[in-house]
Amino acid sequence: MTAAVSFEAVSRHFGAVKAVDNVDLAIAEGEFFAMLGPSGSGKTTCLRLMAGFEQPTAGHIEIFGETAEGVPPYKRSVNTVFQDYALFPHMTIVENVAYGLMVKGVGKAERLKAAEEALAMVKLPGYGTRRPGQLSGGQRQRVALARALVNKPRVLLLDEPLGALDLKLREQMQEELKGLQKSLGITFVFVTHDQGEALSMADRIAVFNDGRIQQLGTPEEVYKRPRTRFVADFVGSSNVLTPDVAARLGGPRKDASLRPEAIRLGAAASGETAVTGCLLSSAFLGATHRLTVDVEGARLAVSAPAGSPVPAIGEAVTISFSPADLHPMEAA
Amino acid sequence: MTSATLPASITRRDRGLTGRLSDTLWRHPQLFVAILLIPPLLWLGIIYVGSLFALLAQSFFSIDDFSGLVTYELTLSTYGQLWSDANFDIIVRTVLMAALVTLASAVVAFPIAYYAARYARGRMKAFFYLAVMLPLWSSYLVKVYAWKLILAKEGILTWFVGKLHLTWLLDAWLALPIIGGSSLSVSYTGTFLVFLYVWMPFMILPIQASLERVPGNLIEASADLGATPGQTFRSVIFPLALPGIVAGSIFTFSLTLGDYIIPQIVGSSRLFIGQAVYAQQGTAGNIPLAAAFSVVPIVIMALYLTAAKRMGAFNAL
């Protein structure tokens, strides 16, 4: 099966800046693919390379087996939901949504009908006669989605589409997007700097840093088995251990990651490793307590379920974890 | 935190007259706005609007053909004179010239403004502003006389056209009725070229400002949705730049309607509205007719703006 989008050793350099540096990836058809990374990591440039707004300085891009270099955006069967939505301010909502069909020469009655259907799909029926300026951020986001989907793209590119929404709305949209993707079966490529968003929505995640992919895998793989210190740090917040500390905790003498929620307060059960330390601080986060424990100079973050008794600051505590959760990483 | 570091009260009463004045103005913002606006409003109200009204009033008087004195009785007979063949020709000539200059300015200015707004960065942008503004820093008379020399029969343009072996084309153009003449500097074509040059910055700058406000991602979004560059221009860029074009055209159109120097220096001896006003209020001593002529551009501009608004030129504002 041909990949929906494939990159072979793709680079995009702006002068001395290597925005994207030697990236290989293959996105399967129907996949929900997230590109995760901090700002300036190259994830958005990758998306722009797929959309055709940028051309690679080296390497080869294919979209459904067809060479994409030199193909302008308006000839690609991909559509984009822009970060700040990029709705046309001089057009009504329905004109915005019908725009893609209008420029392709679809008749007026037909395209207005399709636009209304698309608006109904994103739960904005009857909003057609308004203008973008009259809608809230969340509503504009839905219009941008409808405007892209009405063209029935084979790949939908989403550039931090939820970044400007408040938390509640964002969680709601995450579910809706996931549902839409499942029901439409379109390949979604989603750029985000929010690791929670990437973990909860994506089938696979590519973690970007400095223009390169640090790790590519399912959310579970990326979370549980971070390949590098960067991934361990960026995806969730892990205890990144130096080789010395890792060895002291019973692992190999290598950089290692130990997730806070893999550590438990209390004595070791069978097969577990236990160490004692001193409780430095504790914070109540609602569902959990966030504890910091000093173990012979190494500070470990521990996530304890709310409701469990929390020792007083400065007390000696015993913490234990399964050796399998102490995950060694590559040095990079 | 010790109480010694905190003031005893949140209010300070240690300021003098100016302090109390600021407090009063802070409490009564309308008063502040009034103080700001009274001087310019007095200026605008008495000197500007006042003189405009005096002018309008003059146009409803008439001149006694026998004595040459103004008869201070309200009448529309002066406006009637505007419809006489000679006067109406002046109006048509001026409006036509203004329309052509405006259209040509928009066509020439748009690519320049587009380049400046979308592509020019850093030094190129500074150069653009300098190139557009520099002509505005020198006297308009100097520029017009310079153009008279450029366009003269022995001028550089004729010489250059000769070098290009295109003299036949220039001759053919000058042989055309109405727009031709014995040389460019005494033809309507010459007048047109000078108007086009002199008002060009007034068209470029508003268009550039309006294009500058079109976010780049709208153009990308349009391409992303399948629009070719031509479609993007027609459906996105042009409609969003339209307020700028209209703003620019208000300048070029009204400046051409009112100008009386350029057609006097470069062009045929036939009059434009500005020259007619000048002649009527000066040598002819017919103030009412001069006033009536002055009202014509005001009415035309009012009609033009109404039409532009109806067509939705300001919707994107």
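**View 1. Domains of chain B.** Chain B splits into domain 1 (15-71) and domain 2 (82-310); the bounds come from an automatic or database domain assignment. The model is predicted: local features need pLDDT of at least 70, side-chain atom pairs count only at pLDDT 80 or more, and totals for chains, interfaces and linings use all residues. Residues are numbered from 1 along each chain as its sequence is written, with chains lettered from A and ligands numbered from 1 in the order in which they are written. The centres of domain 1 and domain 2 of chain B, taken over C-alpha atoms, are 32 Å apart. Domain 1 of chain B brings 9 residues to the contact and domain 2 of chain B brings 8 (contact: C-beta atoms, placed from the backbone, within 7 Å). On the domain 1 side, helix 2 (29-59) and strand 1 (62-63) of chain B each supply at least two residues. Helix 2 of chain B gives the most, 4 residues. That side has 5 nonpolar, 4 polar and no charged residues (nonpolar: Ala, Val, Leu, Ile, Met, Phe, Trp, Tyr, Cys and Pro; charged: Asp, Glu, Lys and Arg; polar: the others, Gly among them). Helices (H or I, at least four residues) and strands (E, at least two) are DSSP runs, numbered from the N terminus.

**View 2. Helix 9 against helix 11 in chain B.** The axes of helix 9 (residues 188-212) and helix 11 (residues 229-258) of chain B come within 8 Å and cross at roughly 160°. Axes are lines fitted to C-alpha atoms, for helices over the stretch in contact; angles run from 0 to 180 degrees between N-to-C directions. The two helices of chain B are therefore roughly antiparallel (over 145 degrees). Contact residues include B:F195, B:W199 and B:F202 of helix 9 and B:L240, B:F251 and B:L255 of helix 11. By class, the contact has 15 nonpolar, 5 polar and no charged residues.

**View 3. Chain B meets chain A.** The contact takes 17 residues from chain B and 19 from chain A. Helix 10 (216-224) of chain B supplies the largest share of the chain B side, 6 residues. The chain B side holds 10 nonpolar, 5 polar and 2 charged residues.

**View 4. The open sheet of chain A.** 4 strands of chain A, ordered 2-1-4-5, form an open antiparallel sheet (pairing: at least two DSSP bridges). Strand 2 (17-27) and strand 5 (66-67) of chain A are at the edges, each with a single partner strand, so one side of each lacks a neighbour in the sheet. Strand 1 (residues 5-14) and strand 2 of chain A pair over 7 bridges. A:F14 stands opposite A:V17 in strand 2 of chain A.

Technical notes
Angles under 35 degrees count as roughly parallel, over 145 as roughly antiparallel, 65 to 115 as roughly perpendicular and the rest as oblique. Two residues are in contact if their C-beta atoms, placed from the backbone, lie within 7 Å.
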